[in-house]
Amino acid sequence: MGLLSLVTFIPVFGALIVLLIPRQNEKAVKIVSAVITFIPFVLATYMWGQFNYTMSGINNEAQFQFVQHFKWIPAYNIEYFIGVDGLSFPMVWLTTLLSFLAIIASWNINKAVKGYFALFLLLETGMLGVFVSLDFFLFYIFWEVMLLPMYFLIGIWGGPRREYAAIKFFLYTLLGSVLMLIVMLALYFNVKDPVTGGHTFNMLLMMDQSNHSGWLLGVDVRLWLYILLFIGFAIKVPIFPFHTWLPDAHVEAPTAISVILAGILLKMGTYGLFRLSYPIFPDVAVKTAYMLAVLGVINILYGAFVAMAQKDLKKMVAYSSVSHMGFVLLGMSTFTDAGMNGALFQMFSHGMITAMLFLLVGVIYDRAHHREIDGFGGLAVKMPIFAGVATLAFFAALGLPGMTGFIAEVMVFIGTFSVYRTLTILAVLGIIVTASYILWTVQRVFLGKLNPKYENISEISGRELFTLVPLGILVILFGIYPIPILNLFRASMTHLINLIP
Amino acid sequence: MTGFYIALIFFVTGMFLVAVTLLFSRLLQTKKPSPDKYLTYECGELPQGGAWIRFNNRFYIIALIFIIFDVEIVFMFPWAVVYGKIGLLAFVEMFIFIVVLLVGLAYVWANGDLQWVKPRPKLEHLPKAKGK
Amino acid sequence: MTASEILKMMPLIIVLATPLITMLIIALHRNHLTTMIVSVIGLVLAIIAIPYSKALDLTKIGELLIIDNYALFYFLLIFTATIAIIIPSYPYLEMRFKGNREEYYLLILTATLGSSVLAASTHFVSFFLGLEILSVSLYALISYLRQTNEGIEAGLKYLILAAVSSAFLVFGMALIYSQTGKMEFNALMQFFSNSSKLNLISIVGLVLMIVGFGFKLAVVPFHTWSPDVYEGAPAPVSAFIASVSKGGILALLFRFFSQYDVLNSKPLFLIFALLAVFSMFGGNFLALLQTNVKRLLAYSSIAHFGYILVAFLAGNNAQNFKGVEAATFYIVSYFITIIGAFIVVGIFSTREREAMSVSDYRGLYWRHPWLSVAFSAMLFSLAGIPLTAGFIGKYYVLASGIDNQLWTLVIILIVNSALGVYYYLRIVVEMFSQPEEAAETKHPSPSVGVMTGLILAVLTIALIWLGVYPTGVIGAIKISVMGL
């Protein structure tokens, strides 16, 4: 055993190795980092092979897989408690995959190389840790550990306004963490471990409903805590009023970091809602579900319309993320089988698609050194392969049948339609807007007359293709045959829905 | 509380007596001021110069050292009284006390603070005056 | 006095003997390096004596001192901190001071002695003696660089305010003595606990004493001296004031009230709560406006002592020591970070001036990556970011606050730590932003000595170690606090 710990901590050991490599040897740093990130991916794939599809997890320790459970800081009953279930495992696997690809995509970093790769590896441990933690304190620590490398990666290796973007990202996320900290402490002092009788940070024990109740200022304390926790996660998703850090961070971050930010970090918000908010406060979640659905639809429509108005390609992709995360929220607000599974599938699928989009933007930016959508034109003539891959990714993003985006959206709509009819219709309108801005973008960048400035633009390189092709294959593969992924979710989601009153 | 009252009575009586003496002398004295009488009392010597001159701060160091050893004597009086009762331990303690002070004396001595004419002015760390 | 009592006091005696020996050595042969090494050896010997002293059974030394596990824990903390301050002082003084550098170590050692006496005292007399030994040494230390105007100004300010606060303290002691007829802490507190209601004079006495404590700890509204003193004093001395000096007084504060339930005493609770709230808000808001790193650290230190007071309120007496435990852990982490931060400030000082402006640190990462990483770790710990000791400390304080349902204080603390992050982050941002080529030459580019680098590395590792695995230290603190 200990496989899961290995997956989680190999990157941070890799970071130490990277720090020991002499500064001049940049090539070695890159190769070592690539190898190091590849190992967790292999291990995670192996774990997928061992994964028991019938075990549900959620609030039952016996139903978790690859569990490790030790005392860590006994003074406060803090435990080292990790494990995966159908909810977290797909995200773990996706994280290891995207981290490896993002390392490959960072090959052209040439400023303070050692620092970049060490921080990146630390970031990977943070992300994996968030997905595997089953102790709230551990979860919080990993959540914050993620924050610091991200701050530096944006703040040092980012674009021209990187410092502003980095500090904005940091302060927004920190606000979220502080709220989460309050909830964590409040839960700690209300929850008792049935075995030892002491307080505990064990998430699974927090899900025992008899444990916490009370009133504060005339309102159920559970509602207060749910709202605080929700805001904490909403900042990460980001849900509509808290989204303003996202375009800045995305535009300024280097390509690989945008990939991680959009591919993994955004999912942590919704993952947190699934992992913590829903099972700990199921009654409140049901009561506020309509609000969540409304916020989801706002995200879909607002994100899509703002994306349409963007002139900067990367900003367009960033806002499209806001729009697509809306589907996750909409799906999870239904508490139906189709809706919940659809939401999870959308998380998984959007992780791959948006990663492709950001990689593509990176490719084009490296050549043209700008991202003005109107500044290109007819690139398909000079870069046919690139245009082909890009079109695939864009079509996946707009939900073309045969690709994962379609499956996810259809499942969400099936789930939603029976519950919120009006909202579903509005959300479907969002799809139309999405289709229009994506097609319009494809047309402006790749079709039409070739912009004479790019007469000599070079075709996509082998390395860049290497980062894109696996994702492209997976998007199509799981788009045609989504059963392997859906099987991962099924048991956990059924169990979670049963928990909801 | 009685102890405090006795102290208070003692204090008030003392003040009263002083005040009475001063009052009587003010009433009975003759007043014939002359410049000599207004001179500062310097044990019979004629004072020279004003009192607001700059003192050499070596006086200050010497005075400090003097006070330290003066206080040492103050400590030694009660020690001498109880010496018979405590015995050897008292001797050792006073020995340590004096050694501590002697270390201080050695330090002061080695730094040349006991010499009135200091041979080696070290001024390089002070900021240079302009114009020099 | 028996032989075992002398053995028990060995750490204190060694710290007392070290300045004497150092003084003799200066008299015989004046050499900066020798003096430094002798002082370090003395402190190391004192640390070695601590476990032997712990092994002995008796604790009380006469009426005045008590050397229990709590005192020994603080001895260890204070001595280690002093070593960490003394070693980087050597290159600092070599660079910035041309006069007699050796006496600096005498003064630091006597100040350390004063601080450790405070941690061990159980009586007004030893309390006052310790405090004066500490303060008098600090007057001279603060203005040690006597060629600078700021240094002299800072020394004078500290002299006047420390004297005033001592006066308050003594007056408070006198009033309390007049009511209780006792000067021994435990007897005093038993007297207070047994009397159902404190009378006016005792309360005034306690308040005056708290004013004295407040001055020494620099909590708002008694904080006005601290930014000026931190700014004017040499960087290692600032580190000493922020850590060792305040730590000793805090240790005494905890012991003083250890038999008295502050939480359930209306007037005292109110006073301490107000001090805590004012300090947190005052310290953080004033720090937000600062561009001078030393002043910023001074204000942030005010805020940190506000946090510590919250922990103190959340459980300070024999029934519930959780709060003191939390505060002690917080002090340990705070010692590490603030000393580390001031060491970095000291390293960047040049012959002419100290690196005080935030802009001096611009682009530091590109010139001194390791140094900037260490400094960032310190700042993150001060900000309370996870995986650093500061986070565990802050968490510990919060948990003890919530445990006692001090909701208002806890929420204020959380709001303030969020405020704090902003200004610590500003320095970090400066360090990691890329400098313009032209400005490159303007910045000091110091060389870090081996020993200083080592100390900084040890502090950084300790910081992260405590952040990841604090169990050992928490256990030690639990044991030491239990005997209070």
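Two residues are in contact when their C-beta atoms, placed from the backbone, lie within 7 Å. This is a predicted model, with local features needing pLDDT of at least 70 and side-chain atom pairs pLDDT 80 or more, while totals for chains, interfaces and linings use all residues. Residues are numbered from 1 along each chain as its sequence is written, and chains are lettered from A in the order in which they are written.

**View 1. Chains A and B don't touch.** No contact joins this pair. Their closest C-alpha atoms sit 42 Å apart.

**View 2. Chain A meets chain C.** Two pairs of chains touch, and A and C have the most contacts. Here 24 residues of chain A are in contact with 19 of chain C. The biggest giver is α6(A), with 11 residues. By type, that side has 20 nonpolar residues (Ala, Val, Leu, Ile, Met, Phe, Trp, Tyr, Cys and Pro), two charged (Asp, Glu, Lys and Arg) and two polar (the others, Gly among them).

**View 3. A look at A:Pro484.** This proline is found in helix α20 (residues 483-499) of chain A. A:Pro484 counts as exposed because it has 12 C-beta neighbours inside 10 Å, and the cut-off for exposed is 12 or fewer other C-beta atoms, placed from the backbone, within 10 Å of the residue's own. What separates the C-alpha atoms of A:Pro484 and A:Tyr53? The gap is 9.8 Å, though the two are 431 residues apart along the chain.

Notes: Helices (H or I, at least four residues) and strands (E, at least two) are DSSP runs, numbered from the N terminus. A residue is buried if 20 or more other C-beta atoms lie within 10 Å of its own, exposed if 12 or fewer, and partly exposed in between; C-beta atoms are placed from the backbone.
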